[in-house]
Amino acid sequence: MRRRTVALRLQAALATGAVTVAVGVALPMHQASAASGSATGYATQNGGTTGGAGGQTVRASTGTAIHAALCGRASSSTPIIIEVSGTINHGNTSKVSGDSCNTAADKIELKEISNVTIIGVGGGAVFDQLGIHIRDSSNIIIQNVTVRNVKKSGSPTSNGGDAIGMESAVRNVWVDHVTLEASGGESEGFDGLFDMKDDTQYVTLSYSILRNSGRGGLVGSSESDRSNGFITYHHNLYENIDSRTPLLRGGIAHIYNNHYVSLHESGINSRAGARAKVENNYFRNSKDVLGTFYTSEAGYWQVSGNIFDNVTWSGPGSENNPAGPNPQSNTTVSIPYSFSLDGANCVPDVVRQTAGANTGLRVSDGSCSPQGPTPTPTRPTPKPPTPTPTQPSGTNLSIGAGSDGSSKADGTGYGNVRDGNMSTYWSPAGSTGSISIKWGSPTTVSRINIREASGSAGNIGSWRVVNHDTGAVLTSGSGAGVITFPATSLRKITFEITSSTGTPSVAEFETYAG
């Protein structure tokens, strides 16, 4: 019954929300930058959450480029900031291999890695029917992106139907200013918007929108999965959701300054020994917004400062223990970090101005007056690699070799990159692509020179140099020019362009032994 009602209620909700779902909103210019602000809540504990701060900044407009950036790092823990724009979907997301990554084609896979920031920039970043999966990873920031319509059944499927899902020894994740949305409940093929299970700890979800789904999210996949906890939810909007805002099984959660609208079945479901501190939230036009539901295994809550506006409550039963109609605390929760509370009466207005992707990363300082983001002092800015002052010496091994690559733009050719002529060039059919030099027998190469055609200098963004024989990434970076790496014997070397700011045009792909 619950899943069927969500689909019916969604028709009216989506009528007013369809424009924001389908069309990216232009960002203010100051947002087209690296991650802003600092982590809050439980993400500040256990050593803190800094993501890719201090690492290289790369741009990506496809899922494949995101995976390539992860795989091109020196190690799985090398810090990196990936600035994402455009629509990421199944059609432009493929598996990429490398020693510093473990990716998959049907999701954005952050697996067995650390020290990564993914932030939406430019005109916005939308992950369409493609979930973000965090597994066996730590120190991750996801900021200013939209993830929508991720399915676990039907077609296409991704990430078990979760918009963002975390599992298996995940530590220190900050998800901030994101929009997570579905178009129905389980019977329509969707699952949770923000799920954590199997030993996930020290997570904060802040200034985000979760809407139009049967399930908001859970902490713990079953009554026995109680290894999760230390989760903060603040300044989020939960709208038109059946239940799980969130569902807590074991562990501790701090839930403050959130706006809940149209929760149809239940809201914060603390069960199986979970303890939640619930303060200064605003609940409106909803049912059973706090308690223990659908189980006899009790959970607990500490409440203060909340507003219940047109909230209805069920009577208690063997597997239902609503906290209302007059919620009282039945536990105490000590919070180890500092935070500023907005008054519950101004929460709807503050959340309206700050929550979700493409809202300018605005935050609140507890004064009920939204502020611009506080810059992170250590935040890096994109910069090209240090140029090599002189051209390589020796014989250009590309002259007389063969070449091939990915789809090429009309009027360009693979052979144009090895003819010694700067007036001819190769361009990919899109903004990314690859070009290769190949020989009939193993050839030792330790340096290449990528020379852009006249009028296109600076268009090449991030790239990888790959030993095509083995698939190993020899090096990665951004910007054209001289690129060095350990001397390698190979038959084919590939230059992969994973992002660009304009149409890439490679006039010469020179290769040198030393």
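Which residues is isoleucine 82 in contact with, leaving aside its neighbours within four places in sequence?

**View 1. Surroundings of isoleucine 82 in a predicted model.** Leaving aside neighbours within four places in sequence, isoleucine 82 is in contact (heavy atoms within 4.5 Å) with Val58, Ala60, Ile66, Ala69, Leu70, Thr117, Ile118 and Ile119. This is a predicted model, in which local features need pLDDT of at least 70 and side-chain atom pairs count only at pLDDT 80 or more, while totals for chains, interfaces and linings use all residues. Residues are numbered from 1 along each chain as its sequence is written, and side-chain values use heavy atoms, with hydrogens and water left out.

**View 2. The largest nonpolar core.** A nonpolar core is a set of buried Ala, Val, Leu, Ile, Met, Phe, Trp, Tyr and Cys residues joined through side-chain atoms within 4.5 Å. Buried means under 20% relative accessible area, exposed over 50% and partly exposed in between (1.4 Å probe, protein chains only). The largest core has 66 residues, and Ile82, Phe127, Phe194 and Tyr233 have the most contacts inside it. Its largest share, 5 residues, comes from helix α2 (residues 63–71). Helices (H or I, at least four residues) and strands (E, at least two) are DSSP runs, numbered from the N terminus. Another core lies apart from this one and has 22 residues, among them Val445, Leu474, Ile483 and Ile497.

**View 3. The salt bridge between glutamate 186 and arginine 215.** A salt bridge is a side-chain nitrogen of Lys or Arg within 4 Å of a carboxyl oxygen of Asp or Glu; the structure holds 18. In this pair the N to O distance is 3.2 Å. Glutamate 186 lies in the loop between β10 (179–184) and β11 (194–197) and arginine 215 in strand β13 (residues 209–215), so the bridge ties together parts 29 residues apart in sequence. Glutamate 186 is partly exposed, at 23% relative accessible area, whereas arginine 215 is buried, at 14%. Lys152, Glu186, Asp191 and Arg215 are linked in a network of salt bridges.

**View 4. The salt bridge between glutamate 223 and arginine 271.** Here the N to O distance is 3.3 Å. Glutamate 223 is in the loop between β14 (218–219) and β15 (229–234), and arginine 271 is in strand β20 (residues 268–271), 48 residues apart. Both residues are buried.

**View 5. The salt bridge between arginine 464 and glutamate 496.** The side chains meet at 3.1 Å, N to O. Because arginine 464 lies in strand β29 (residues 462–467) and glutamate 496 in strand β31 (residues 481–497), the pair ties together parts 32 residues apart in sequence. Arginine 464 is buried, with a relative accessible area of 5%; glutamate 496 is partly exposed, at 22%.
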